[in-house]
Amino acid sequence: MDEQSHGAAGADRRAHIESALARYPYVDAETLADLLYWFRKEASALDVGMIASEPRLSAAYQKLKADHIDRFSGPDLFRAAVFVMMAVGSIGLMIWAGL
């Protein structure tokens, strides 16, 4: 795929996402999953910035971001718990070894 057709495909995909985002929060589960996948895996910083600065999409983007993107997920909480346990264990070992 050449660069020009890749750019056109990206613009088409972003237009599809903008259309879906304009309907948020009144979207079905499949559309929501598509929005989240795009924002988490496909979108560049420029794409997100263009959508966030679009006046007709700004409120819907902020709501989607607050509802789904900025929240901690299960794996995030697990990693944090493991980190805390390791830190406490390390401090405990240092104290125990110093006695």
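At 11% relative accessibility, Phe-39 counts as buried (under 20% relative accessible area, with exposed meaning over 50% and partly exposed in between, for a 1.4 Å probe and protein chains only). The model is predicted, so local features need pLDDT of at least 70 and side-chain atom pairs count only at pLDDT 80 or more, while totals for chains, interfaces and linings use all residues. Residues are numbered from 1 along each chain as its sequence is written, and side-chain values use heavy atoms, with hydrogens and water left out.

**Aromatic rings**
- The whole structure holds 2 aromatic pairs (rings of Phe, Tyr and Trp, the last by its six-membered ring, with centres within 6.5 Å; planes under 30 degrees apart are stacked, over 60 edge-to-face, and the rest tilted).
- Trp-38 and Phe-39 make an edge-to-face pair, at 5.0 Å centre to centre and with 85 degrees between the planes, and Trp-38 is buried at a relative accessible area of 3%.
- Phe-39 and Tyr-61 form a tilted pair, because their ring centres are 5.5 Å apart and their planes stand at 35 degrees.
- This pair ties together parts that are 22 residues apart in sequence, because Phe-39 belongs to helix H2 (residues 29–42) and Tyr-61 to helix H4 (residues 58–69) (helices are DSSP runs of H or I with at least four residues, numbered from the N terminus).
- Tyr-61 is buried, with a relative accessible area of 8%, and Trp-38, Phe-39 and Tyr-61 form one aromatic cluster.

**Ile-17**
- Ile-17, placed in helix H1 (residues 3–22), is buried at a relative accessible area of 0%.
- Leaving aside residues up to four places away in sequence, Ile-17 touches Asp-34, Leu-35, Trp-38, Phe-39 and Ile-51 (contact means heavy atoms within 4.5 Å).
- Ile-17 and Trp-38 are 21 residues apart in sequence, with 7.8 Å from C-alpha to C-alpha.

Technical notes:
Helix = DSSP H or I, 4+ residues; strand = E, 2+ residues; numbered from the N terminus.
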